[in-house]
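Dear colleague,

A short account of the findings comes after it.

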Amino acid sequence: MLKTIVLIGMMGSGKTSVGKELAKKLNLEFVDIDHEIEKKYEKSVSEIFKINGEQFFRKIEENMSCKFIDGKPGVISLGGGGYINKKIRNKIKTNGISVWINPSLENIYHRINKSTNKRPLLDYKNLKKTIKEIYDVRKPIYKKADHIIKTKSDNKKIIVEKIIKKL
Ligand code: S3P
């Protein structure tokens, strides 16, 4: 691989678990951007949102994402809002290959609902509605990805096979 594979898509779409599996299969390094941010700032993404605000988070997300997309080829799992940022998108266009993991909203909902990782943008009292609203706004942008993996399966091995076939 000469270019970094960047997994994009909604929160709860499985970018991290699929990314780890894909990297293992291709013998590449795996980086999760949210995880790198949490390591550097010694705070959870939720805490950063609460203490410093979303705008601050978006800026450090931009810096961290661009740094890794510019780095040596590997597999990156981008935060759900990362691809909405034009600078990050352009960086991927020149240095990477974007892959949109696009499961059904039902699938995303179930995954988020059982996850212990509480996403600061979601209203957990109206979870389905909030997920759908965010998805509808972002869909036209996610659609710009180089590859789209539409999947009903929750099985990361099947999704990885689909990605490898596309690549
Ligand atoms: C966000 C998604 C989260 C995290 C932050 C904002 C978003 O990452 O970056 O809560 O705007 O969709 P995941 O997609 O890994 O959940």
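The paragraphs below describe the ligand site and then the aromatic pairs.

This is a predicted model, in which local features need pLDDT of at least 70 and side-chain atom pairs count only at pLDDT 80 or more, while totals for chains, interfaces and linings use all residues. Residues are numbered from 1 along each chain as its sequence is written, and side-chain values use heavy atoms, with hydrogens and water left out.

The ligand is surrounded by 13 residues, the closest being Lys 15, Asp 34, Arg 58, Gly 80 and Arg 138 (a residue is near a molecule if one of its heavy atoms lies within 4 Å of it). By class, this shell comprises 5 nonpolar, 3 polar and 5 charged residues; Ala, Val, Leu, Ile, Met, Phe, Trp, Tyr, Cys and Pro count as nonpolar, Asp, Glu, Lys and Arg as charged, and the others, Gly among them, as polar.

The protein covers 95% of the 390 Å² of accessible area that the ligand has on its own (Shrake-Rupley method, 1.4 Å probe).

There are 4 aromatic pairs (rings of Phe, Tyr and Trp, the last by its six-membered ring, with centres within 6.5 Å; planes under 30 degrees apart count as stacked, over 60 as edge-to-face and the rest as tilted). Among them, Phe 49 and Phe 57 have ring centres 4.9 Å apart and planes at 40°, so this pair is tilted. Both Phe 49 and Phe 57 are buried (under 20% relative accessible area, with a 1.4 Å probe and protein chains only).

Yours sincerely

Note on methods. Buried < 20%, exposed > 50% of the residue type's maximum accessible area, 1.4 Å probe, protein only.
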